[in-house]
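Good morning, colleagues. Please keep the display in view as I speak.

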Protein chains: 2
Amino acid sequence: MPIYKAPVEDAQFLLNDVFHVERYSNLPGFADATPDLVEAVLGEAGKFCEQVLLPLNRTGDQEGCKRAADGSVTTPTGFKDAFKQLVEGGWIGISAPPEFGGQGLPMLMTQLVNEFLSSANLSFAMYPGLTQGAIAALIAHGTDQIKAAYLPKMIAGEWTGTMNLTEPHCGTDLGLLRTKAAKQPDGSYKITGTKIFISAGEHDLAANIIHLVLARIEGAPEGTRGISLFVAPKFLLNGDGSPGARNALSCGSLEEKMGIHGNATCVMNYDGATGWLLGDENRGLHAMFTMMNEARLGVGVQGLAMSEVAYQNAVNYAKERLQGRALTGAKAKDKPADPIIVHPDVRRTLMTIKSFNEAARALVIWTAIASDLDRRGTHEKIRQAADDHMGLLTPVIKGVLTDQGFANTVLAQQMFGGHGYIAEHGMEQFVRDARITMMYEGANGIQALDLVGRKLPKDGGRALQAFFAEVQGFIKEKSADAAMKPYVEPLGKALGHLQQATMWFMANAMGKPDNAGAGSTDYMHMFGLCALGYMWARMAAAAQEKLKDKLKSGANGAEARMNAKLVTGRFFMERLLPETAAQLARITSGAASTMELAAEQF
Amino acid sequence: MPIYKAPVEDAQFLLNDVFHVERYSNLPGFADATPDLVEAVLGEAGKFCEQVLLPLNRTGDQEGCKRAADGSVTTPTGFKDAFKQLVEGGWIGISAPPEFGGQGLPMLMTQLVNEFLSSANLSFAMYPGLTQGAIAALIAHGTDQIKAAYLPKMIAGEWTGTMNLTEPHCGTDLGLLRTKAAKQPDGSYKITGTKIFISAGEHDLAANIIHLVLARIEGAPEGTRGISLFVAPKFLLNGDGSPGARNALSCGSLEEKMGIHGNATCVMNYDGATGWLLGDENRGLHAMFTMMNEARLGVGVQGLAMSEVAYQNAVNYAKERLQGRALTGAKAKDKPADPIIVHPDVRRTLMTIKSFNEAARALVIWTAIASDLDRRGTHEKIRQAADDHMGLLTPVIKGVLTDQGFANTVLAQQMFGGHGYIAEHGMEQFVRDARITMMYEGANGIQALDLVGRKLPKDGGRALQAFFAEVQGFIKEKSADAAMKPYVEPLGKALGHLQQATMWFMANAMGKPDNAGAGSTDYMHMFGLCALGYMWARMAAAAQEKLKDKLKSGANGAEARMNAKLVTGRFFMERLLPETAAQLARITSGAASTMELAAEQF
């Protein structure tokens, strides 16, 4: 039976000591997020995840969701009751606007809570996660009437939400989509078509399901400029706002898939379903994109979440499993063998995951703060800088945290040897579940293209320049500090590689875009390493600060934790960051050998 | 429904043009392996894999093996009939000694056929694969009586074999094993204990199952020096050699696992089962090790096999799936979108897998030739050099071909986007099945330790020196050849990194073995890249040779294939080989940050 403990202390270190969120107490919601409240909220969320959701993770995988002949879907045993507890705890709406019943706390709180939920039970966490995405879309694009009709119920968790984008013949290339919307005299639309891969498309957790659907209005242009966004509830609303008649949409089948069996992945059939336009006609993709950053950040968080829970279980096993003796002589002489955590290759593996996770969590919080400043910032300049940060870092976080998050679950599974392959230990489920995060919400190759093709050149490279300036500023600020040398020196080198790669793209990819395409994934990962390296430099500085002021930090083994931060950061610099050299070499080798073969030579 | 086509032409290129196996026609078995016979055998094997085994792969995954209350196990629908065809084709014994009914062909033929079998159906291929391992053990350690009793039936495929090593509390550290053997007056032993993870431990494919079992004779020393190897058949043999009374051993349960569901992974209970000693008392581990090289080479082949079949399906999908337009303008203007193979990031992915697979296959054949020379070589010196090669390269092939083979199945799955997560495409099964290869037959961390701790220093580094000398000799030989520069120059650089890492170990790991342990996995992968790079250099030279002599090579699109080799080799040099720089940096950073934390700081 897998274990999990929510990393509340680590989150507090990041909020209080690294990012000093008390600086933002002038912003709406932040004043409420005092250190005490944060501790209480995260502690409560952690308990719910550890005690309620984690025990449902394996049974959810084994049972899966079941579709009956009438198209109704039953979630695994225990999900319904757990969802009720989630709703009662108000977890779905902790960052939602108070005017619709939310608690208005910063979005960074939601990202932290979602990490805990996803670690404990990814399949389950997707139900509220998708609802939060739909809530964001309705806030951004709904009329007052639509907002009033749907938001309070969704924020309360009485109703859930979905996103309907993909069709059998199109996922990435939404310009090909065929679902039709026919305008009705009353201003509503009749939607007809088939959508696939609709997570939480049908289930038994909520009284209504609010579908957001991309479709093409009759007569609209072909391609991406003819797509509109609609809201179509499972049950049409009565005059009093309660769910009434069944809408003409249903779950045609459930996909049989590799993992996340506890989440219903539906084929959704729209047979003249009634829907209402969200935002402007033919601007549906634009409407989708406005909320895509947060959704993608959320998937990056899922990658981290899987890496974290897999890591915790690998550590647990490595301390318990006795096998062989340390290379430097027996450590547990009273036992028949040493725990495998004495072995350097086991430790290297654990440190690899640990040093990634802690920096990834920092990167998420740093970016979640930007998402809050983007919405709540007091000045246009602050909002713009935050929006730049979000736009630039989102594909990096989505791509890198899920690629590496998955790779880390595989590493953690490997610590178990053959036992990792056996279902009862739960490690193989983490691997299967984590795998989806690299694919959905834009496959990671698309994230890399978004970064290189869209985000780098945007606004004359303003976002990128700001990122470089911030990291370089930090390096310069610490350049005289000998204790910081093991962190800022390698970071400077890696950042130099990133700048060289960027310049290489500028010089070589304008006329030959294949040179950018062939280097995009390496560039995304290089960017990720630099961003994570910067997080480590900031965490190291914060840890050193805390260690200097021992009185303040004395309690609860904080000293040992801060020393561990310094060691783990060094490990990251020595063992993960050097990859940027190889990435630079690959990028600057160009696209020639990548593009030369004819299709039939593959 | 996944596709598969056995890479017969690629194998022929390697045998005929790269390794010139006709040079060995003076050796037993090689004279029979004429190019025509090789083509016929591989073609026949390929057909069997494509037409019989591949269609059973998904159903085998879905149905799995079933254990009845009496301990009997049923394999998935179709396996029994397919096994019958395998037996009728004589595939199990193609390289086995003719004196026991084998065909005596070189072992390299078995490795090639096993690649095809594993690509088409890994779960199925394990049944004959384990039998071949048991055959090798019986040949090496059986008395004449035991050989006569078991080998003809096993080589014919009437009976299958297993290896029983692991126990619940010990896998890597076999010194802890507890299974007991009590000597009987008639010279047999009564074996008592529990073994886990026993692949093909019980099934319905054969009339008898011959178990090789590690156990401790009563009174034997503790640890690894008190372990003996036994043979214990499921059915004891009658006087006429036919299966008679049931032995006191049985399958207690089947493991529920991530993949290879078509193979029965058994808990085996030995309740005073009758067995006979193989080899000397207390020398069981030694006896196991003598056949471990070939078994591990075989698992490396499985890693390649999964990478190959996943690649073929990804290519197929990339040519068919229409999504988006090429960065350089529409390519398939008559279609609503271009096939995704036009996109650089898709190609980069496919080329990554292709450039790995083709070199991996060469590395397998190169090493399989060594295994043949080791057994059949005419001079002691040849046999010794071949044995050195086998010992050195086996952990590299096992570790690197399975780590990267798995990573490649994940890359191939990623090409399908969300569709890759859905069971019907088969990609997710390839990922789940491939995952086991990194764990069994010695988890890959153990392979790395074996390489660094045992194989490098063995005989004063003789094997390593020979490897360096061969690669350097080749580079020198080609140094004046301009056409070979894109291959030998990067290879020389990578080899330099490997030599630096080796010297760093010599200087820093003698007194501090943790420095070797913390760098072992990187070193193994670095070694793999150099060995694969060397294979590419030799393949490039062979391809250039063939292109010069166009008359000889003209048929069957050989020119396009040889040109593809040259491009693919360049891709390998530009995109995969640069990793050695990062590996060197990681290794030479030493073990300090890896080892510093206390266990409770993880």
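This is a predicted model: local features need pLDDT of at least 70, side-chain atom pairs count only at pLDDT 80 or more; totals for chains, interfaces and linings use all residues.

Let me begin with a question: with which residue does B:Arg586 form a salt bridge? The partner is B:Asp522, and the closest N and O atoms of the two are 3.0 Å apart. This pair links distant parts of the chain, for B:Arg586 belongs to helix H18 (residues 579–588) of chain B and B:Asp522 to helix H15 (residues 513–548) of chain B, 64 residues apart. Both B:Arg586 and B:Asp522 are buried.

In chain B, B:Asp450 pairs with B:Lys455, and here the closest N and O atoms lie 3.0 Å apart. B:Asp450 is buried, at a relative accessible area of 6%, and B:Lys455 is buried as well, at 14%.

In chain A, the side chains of A:Asp372 and A:Arg376 form a salt bridge, with 3.7 Å from N to O. Why are these two separated by about one helical turn? They stand four residues apart in helix H10 (residues 344–376) of chain A, and therefore about one turn of the helix lies between them. In general, an α-helix has 3.6 residues a turn, so residues three or four places apart point the same way. A:Asp372 is buried, with a relative accessible area of 2%, and A:Arg376 also counts as buried, at 16%.

Chain A also contains a network of salt bridges, which links A:Asp10, A:Glu115, A:Glu308, A:Lys354, A:Glu358, A:Arg361 and A:Lys565. Over all chains, the structure holds 72 salt bridges.

I turn now to the interface. How many residues of each chain are in contact with the other? There are 96 from chain A and 96 from chain B. The area buried between the two chains is about 7900 Å², and carbon and sulfur atoms give 58% of that area. On the side of chain A, the residues that lose the most area to chain B are A:Tyr421, A:Arg575 and A:Phe602, which together account for 12% of what that side buries.

Across the interface, 60 residue pairs are in polar contact. Helix H18 (residues 558–576) of chain A gives the most to the side of chain A that touches chain B, contributing nine residues. The residues of that side of chain A divide into 45 nonpolar, 27 polar and 24 charged.

Helix H14 (residues 485–508) of chain B has 24 residues and reaches 34 Å from its first C-alpha to its last, close to the 34 Å expected. Its buried residues include B:Tyr487, B:Leu491, B:Leu498, B:Trp504 and B:Phe505. Among the elements that cover the buried residues of H14(B) are helix H12 (444–455), helix H13 (458–477) and helix H17 (558–576) of chain B, together with H15 and H18.

Within helix H15 of chain B we find B:Gln544. Is B:Gln544 buried or exposed? At 13% relative accessibility, B:Gln544 counts as buried. Leaving aside neighbours within four places in sequence, B:Gln544 is in contact with B:Asp481, B:Ala483, B:Met484, B:Tyr487 and B:Leu566.

In chain A, helix H1 (residues 8–18) is mostly covered, with nine of its 11 residues buried. Among these is A:Asp10, a member of the salt-bridge network already described. The buried residues of H1(A) pack against helix H2 (35–53), helix H5 (107–120), H10, helix H16 (513–548) and H18 of chain A. After H1(A) comes A:His20, whose phi is positive, near 45°.

A:Cys530 and A:Leu498 are 32 residues apart in sequence, and their C-alpha atoms are 7.6 Å apart in space. With neighbours within four places in sequence set aside, A:Cys530 is in contact with A:Leu491, A:Ala494, A:Leu495, A:Leu498 and A:Leu577.

Methods:
Residues are numbered from 1 along each chain as its sequence is written. Chains are lettered from A and ligands numbered from 1 in the order in which they are written. Side-chain values use heavy atoms; hydrogens and water are left out. A salt bridge is a side-chain nitrogen of Lys or Arg within 4 Å of a carboxyl oxygen of Asp or Glu. Buried means under 20% relative accessible area, exposed over 50%, partly exposed in between (1.4 Å probe, protein chains only). Contact means heavy atoms within 4.5 Å. Buried area is the accessible area (1.4 Å probe) that two parts lose on being put together, summed over both. A polar contact is a pair of N or O atoms within 3.5 Å; within protein, one must be able to donate a hydrogen and the other to accept it, and residues adjacent in sequence count only if both atoms are side-chain atoms. Ala, Val, Leu, Ile, Met, Phe, Trp, Tyr, Cys and Pro count as nonpolar, Asp, Glu, Lys and Arg as charged, and the others, Gly among them, as polar. The expected span of a helix is 1.5 Å times one less than its number of residues.
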